[in-house]
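Me: I want to check the labels on this structure one by one. Please set each value against its cut-off.

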Amino acid sequence: MDRAADGSECRWARILAFDPPDRVMFSWDISPRWTIETDPVQCSEVEVRFYAESPTRARVELEHRHIDRHGTGWEAVTDGVDGSEGRPLYLNRYASLVEGSS
């Protein structure tokens, strides 16, 4: 859930599975028009898995699946999350955060 500057809440995902420390899976409740999707049938899923490779190193795998569930215009979701302001940006921020805390 995100909170806007005015204090309003935006519920853009639902936790579908939470198995610490190995994985988390959540819904992507954002439509191809970049508005909140309220019909769970038209939402995709994001699964993030963590694999310990050594005491100080982990591999993170992310899969965004069932994007076609978003219906007409679903390609816009793929383009948006794959674009420079999408997944690459946030994965780089996550990596920087983790590296800075070690």
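Me: What makes R65 and E63 a salt bridge?
Reply: The closest N and O atoms of R65 and E63 are 2.9 Å apart. A salt bridge is a side-chain nitrogen of Lys or Arg within 4 Å of a carboxyl oxygen of Asp or Glu. So the pair, at 2.9 Å, qualifies.

Me: What kind of model is this, and how are residues numbered?
Reply: The model is predicted: local features need pLDDT of at least 70, side-chain atom pairs count only at pLDDT 80 or more, and totals for chains, interfaces and linings use all residues. Residues are numbered from 1 along each chain as its sequence is written, and side-chain values use heavy atoms, with hydrogens and water left out.

Me: Why is R65 called buried?
Reply: Its relative accessibility is 18%. Buried means under 20% relative accessible area, exposed over 50%, and partly exposed in between (1.4 Å probe, protein chains only). R65 therefore counts as buried.

Me: Why does E63 get a label of its own?
Reply: E63 has 41% relative accessibility, so it counts as partly exposed.

Me: How do you know that R65 also pairs with E45?
Reply: The closest N and O atoms of R65 and E45 are 3.1 Å apart. Strands (E, at least two residues) and helices (H or I, at least four) are DSSP runs, numbered from the N terminus.

Me: Is E45 buried or exposed?
Reply: Buried, because its relative accessibility is 15%.

Me: What makes R69 a partner of E45?
Reply: The closest N and O atoms of R69 and E45 are 3.5 Å apart. R69 lies in the loop between strand 6 and helix 1, and E45 in strand 5, so the pair ties together parts 24 residues apart in sequence. R69 is partly exposed because its relative accessible area is 33%.

Me: Which residues are linked in a network of salt bridges?
Reply: D19, R23, E45, E47, R49, E63, R65 and R69. The whole structure holds 11 salt bridges.

Me: What makes strand 5 and strand 6 a pair?
Reply: Two strands pair if DSSP finds at least two bridges between them. Strand 5 (residues 44-54) and strand 6 (residues 57-65) have nine, in the antiparallel sense. They therefore count as paired. The bridge partner of F50 in strand 6 is V60. A hairpin of two residues joins the strands.

Me: Which residues lie nearest the centre of the second largest pocket?
Reply: T56, R57, A58, V98 and E99, out of 10 in the lining. Helix 2 gives the most here too, with four residues.

Me: Why is T78 called partly exposed?
Reply: Its relative accessibility is 21%, so T78 falls in that class. T78 is found in helix 1 (residues 74-82).

Terms used
1 Å grid on protein atoms, 1.4 Å probe; cavity = no way out; pocket = protein on both sides within 12 Å on 5 of 7 lines; lining within 4 Å.
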